[in-house]
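Good morning. Please look at the chain on the screen, and I will go through its helices and a few of its residues.

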Amino acid sequence: MTVYSASDAIWPALARTYSYLFRPFKWETFLKLATVATITEGFIVSFRYSVPNAFPFDINTDALKAFLLAPAFLPVTILGTIAIFLIGVYCYHLVTQVRFGFFHCLIHQTRDLRTASNLYRDESERFFSASMVVWLVFLVLTVLAFLVFFVAGYVVIATPTPEGKLDPGNFFILFFPCIGVAFALILAACAAQVVLNDFILPHMAIESVSFSKAWAEVRKRIAVNKETFVSFFILRVAMPLIAGLILGFIAWVLGLIVFGILGMSAAGFIAMLDGTTGPRAILLTAIEWLFVPLGLGAGLVIAVSFGGPLGVFMRSYALFFYGGHYKALGNLLSPPVPQSGAVERSAKVP
């Protein structure tokens, strides 16, 4: 396979994205693949859920917060928080398994995501366990960073000038290191995300090796081509931001049209049936409830229709770039053409 630079891998990734999503094009298939790409890659482009006058209920957030934090209800709130956390971990586990299936589908140009995901149960389990350890380390570092920020803020407030104002010297001395720590954490988290999903995952999926062995292989390749991988990382982070701004603007304009139509429709029904009683009042309530899933569905379709292709492109981009440095992956993306002599010899074998 051709060894692509960070910029050269953009075009084949675009071609693979177009081929995978639009040849042939079927709405149901496109929405399924785009939804999977949105979930696994995490690209949500301009999700909106706003249909004016279409909500049959109002939520009093202050009353809800007071109720959840009431001493009598606090144990239930704590148990609910733990349950939500565990559900989130389980969802991350499912996303990890689907991510392996999505990797398989993009390489082999298949759309059977369920079967593909089931091929990598053991590999996804190992990858999930190792990823949880990595993100747990980042969680601990984040907590420590917040403690540092809290201490720095306390020092600034506790050491005012004789006039009782904040001391500019203490503020700037502590502000810039805190910003540096936050930036370093964000940069490290982005690098970890790229290394895990773009480099380590292919080794574990193709060779079924352990996480440590995959990381060792990745480390060797990065050490040999530091500048190339740094360029890839810059583009890998910058392209979604730039594309997200452009696609987000287009999705915003489309959302104005779609939600404007839904909003006017909802307002029209309310104007006709507002103040009525009996069956008409029941019909108005039913119509109001109907516009809730309509608005949610429209927002989801817009989100995945723009975020899905971006997710497919970014995953394809990572595959084509790393395929040039990882022969097993490169051979799957672009199978080597057998030499004529080898074809002739194989034809003679009975």
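Helices (H or I, at least four residues) and strands (E, at least two) are DSSP runs, numbered from the N terminus. Counted that way, the chain has twelve helices and zero strands. This is a predicted model, in which local features need pLDDT of at least 70 and side-chain atom pairs count only at pLDDT 80 or more, while totals for chains, interfaces and linings use all residues. Residues are numbered from 1 along each chain as its sequence is written, and side-chain values use heavy atoms, with hydrogens and water left out.

Next, burial. Buried means under 20% relative accessible area, exposed means over 50%, and partly exposed is in between (1.4 Å probe, protein chains only). Of the 350 residues, 35% count as buried. Cys105 is buried because its relative accessibility is 0%. Cys190, at 30%, is partly exposed. How many disulfides does a search of the whole structure find? It finds zero, where a disulfide is a pair of cysteine sulfur atoms within 2.5 Å.

Now contacts, meaning heavy atoms within 4.5 Å. Among contacts between residues at least 6 apart in sequence, 79% join residues at least 24 apart.

One pair of helices deserves a slide. Two packed helices are described by the angle between their axes and the distance between the axes. Axes here are lines fitted to C-alpha atoms, for helices over the stretch in contact, and angles run from 0 to 180 degrees between N-to-C directions. The axes of α4 (residues 74–108) and α6 (residues 121–158) come within 9 Å and cross at roughly 130°. Angles under 35 degrees count as roughly parallel, over 145 as roughly antiparallel, 65 to 115 as roughly perpendicular and the rest as oblique, so α4 and α6 are oblique to each other. Residues of α4 in this contact include Tyr92 and Phe100, and those of α6 include Phe128 and Trp135.

Thr17 lies in helix α1 (residues 10–22) and is buried, with a relative accessible area of 7%. Leaving aside neighbours within four places in sequence, Thr17 is in contact with Phe22, Pro309, Val312, Phe313 and Ser316.

Asn197 lies in α7 (residues 168–207). Is Asn197 buried or exposed? At 7% relative accessibility, Asn197 is buried. Not counting residues up to four places away in sequence, Asn197 touches Arg99, Phe127, Pro202 and Arg315. From Asn197 to Phe103 is 94 residues in sequence, and 9.7 Å in space, C-alpha to C-alpha.
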